Amino acid sequence: MVSNDEKRIIGLLIGHYRRKKHISRNELLSTSNDSLCSPKTLIRIENGHIPKRNQFYISLCQSLDVSYPFEVKLLYKLDNYRQKLVHAILEGSKGNMEILLEKIDEDFTHHILYVSERAWLYQSILTLLLYDQVPSQEKMDVFYCLKDVLLEEDRKLLFFLFMHPKIRKNVDRSLIHESLVYEHEPLFFDFHLSHIISVSSLLYSHHQLQKILNKKEELTDLQKILLFRRIAEIEASGNDIVLAYKTMKNCLCLLHRDICDPLRASIYIDCALFAYQSNDTDACIHYLFEVVSINLSLLKEAWLLLLHVLEKSNQKELLMHYLFDMNLTDEQDERGKAVLSYFRLKYDTMDAHDADREKYICQKLKVLGEHKVYKKILLEELMGIVAVTSHYKFIYRFMTK
């Protein structure tokens, strides 16, 4: 049987979908049943108040062309999937996540109010961790609607989604503050580390993270990977690249194929960046090829580093293969496409395209300058062009915001 807490959520969802479909309350009531309830009662339902009659919900759901969750077994199944999801996240198990995602996709194909929205939450977390795919805006709108009313275990997962780096940068600051209540939960281990770094000095942050590392027998492999990565981040911020590179190598010792591809790829990219800064070009290329072997699309802006080091190590044949022999554009995000377009422009033998390359760096690639390694590479590219064109104003455009 659907509980009162769940009916409260269903009432809020009825209001959300009614507004989404641009249906007035009077229109909704007229299509469901003229004598169903008054507009005042509908307002109370949409605000989360619970009327006496269950039939209200059933009729309103039918009018919105969605199903009411009669089948209690679906709710039990969702609870079971939620437990499996939490376990898979804490393990970082790619295999378990893929199996779970397949089962959820099979079991929840129709729109059943409250049931489908919970399934979307689990699917969104899984596809983000497995494939680096951000939920659609439509689903994010539903999640924002539910953030204050979901039952506690689902609310915890919702904030886990909100605090993922790809989503956190776009959420309201108030949500980040709200999520601090979960900071010491195992699910939020990486967020906890990030919070320590954000509120403390480098020296104190390093000390705090080392204290956590001293209890490594209590940590999972995934937690150790996340911890070593954060320690390396602090060491690099303190300009000790050699030590940061050494720390990141500890992550590599813990990586295995059952760790989700986006996380594995990002660890290899971090190692490649530190190898490049340590003048270890061969290792840099090796780590980037590891990313290529996982999934080309996960390189993203790191295409800049790969193509640059191939060029500097005189591996022109391989460079040209990536640029012209392979159709990579469809697999890339916007930054990856921009990097590939720039290098194709550079190696188009028909024309030097110097002016176009200058503009490309200052307009399409400038955002990559937020990372000091990419900024150095782009500045080197720009200086080579300016040496020919004498358009020094482009250096100013690139260096200033």
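Me: Which hand does the crossing of α15 and α16 have?
Reply: In this predicted model, helix α15 covers residues 241-254 and packs against α16 with the axes 9 Å apart. The angle between them is about 150°. The crossing of α15 and α16 is left-handed.

Me: How are α15 and α16 oriented to each other, given an angle of about 150°?
Reply: The two helices pack at about 150°. Angles over 145 degrees count as roughly antiparallel. α15 and α16 are therefore roughly antiparallel.

Me: How do the residues in the contact of α15 with α16 divide by class?
Reply: On the α15 side the contact is made by Ile241, Ala244, Tyr245, Met248, Cys251 and Leu252. They meet Ile267, Tyr268, Asp270, Cys271, Phe274, Ala275 and Gln277 in α16. By class, these residues are eleven nonpolar, one polar and one charged.

Me: What is the orientation of α16 to α18?
Reply: Helix α16 spans residues 261-277 and helix α18 spans residues 303-312. Their axes come within 11 Å and cross at roughly 40°. An angle under 35 degrees would count as roughly parallel. The pair is therefore oblique.

Me: Which residues of α18 meet α16, and how many in the contact are charged?
Reply: From α16, the residues in contact are Ala272, Leu273 and Tyr276. Their partners in α18 are Leu305, His308 and Val309. The contact has five nonpolar residues and one polar residue, and the number of charged ones is no residue at all, that is, no charged.

Me: What does tryptophan 303 touch, leaving out residues up to four places away in sequence?
Reply: Trp303 is one of the residues with the most contacts inside the largest nonpolar core. Leaving out residues up to four places away in sequence, Trp303 touches Leu296, Tyr322, Leu328, Gln332, Gly336, Val339 and Leu340.

Me: How does α19 lie relative to α20?
Reply: The axes of helix α19, residues 316-325, and α20 come within 10 Å and cross at roughly 110°. Angles of 65 to 115 degrees count as roughly perpendicular. That makes the orientation of α19 to α20 roughly perpendicular.

Me: Which residues of α20 meet α19?
Reply: α19 passes α20 in a left-handed crossing. From α19, Tyr322, Leu323 and Phe324 take part in the contact. Their partners in α20 are Leu340, Phe343 and Arg344.

Me: What covers the buried residues of α21?
Reply: Helix α21 runs over residues 354-363, and its buried residues are Asp354, Arg357, Glu358, Tyr360, Ile361 and Cys362. The covering elements include α20 (334-346), α22 (372-389) and α23 (393-399).

Me: What is the exposure of aspartate 221?
Reply: Aspartate 221 is in helix α14, residues 221-237. Its relative accessible area is 35%. Buried means under 20% and exposed means over 50%. Aspartate 221 is therefore partly exposed.

Note on methods: Residues are numbered from 1 along each chain as its sequence is written. This is a predicted model: local features need pLDDT of at least 70, side-chain atom pairs count only at pLDDT 80 or more; totals for chains, interfaces and linings use all residues. Side-chain values use heavy atoms; hydrogens and water are left out. Axes are lines fitted to C-alpha atoms, for helices over the stretch in contact, and angles run from 0 to 180 degrees between N-to-C directions. Helices (H or I, at least four residues) and strands (E, at least two) are DSSP runs, numbered from the N terminus. Contact means heavy atoms within 4.5 Å. Ala, Val, Leu, Ile, Met, Phe, Trp, Tyr, Cys and Pro count as nonpolar, Asp, Glu, Lys and Arg as charged, and the others, Gly among them, as polar. A nonpolar core is a set of buried Ala, Val, Leu, Ile, Met, Phe, Trp, Tyr and Cys residues joined through side-chain atoms within 4.5 Å. Buried means under 20% relative accessible area, exposed over 50%, partly exposed in between (1.4 Å probe, protein chains only). A crossing is left-handed if the near helix is turned anticlockwise from the far one by less than a right angle, and right-handed if clockwise.
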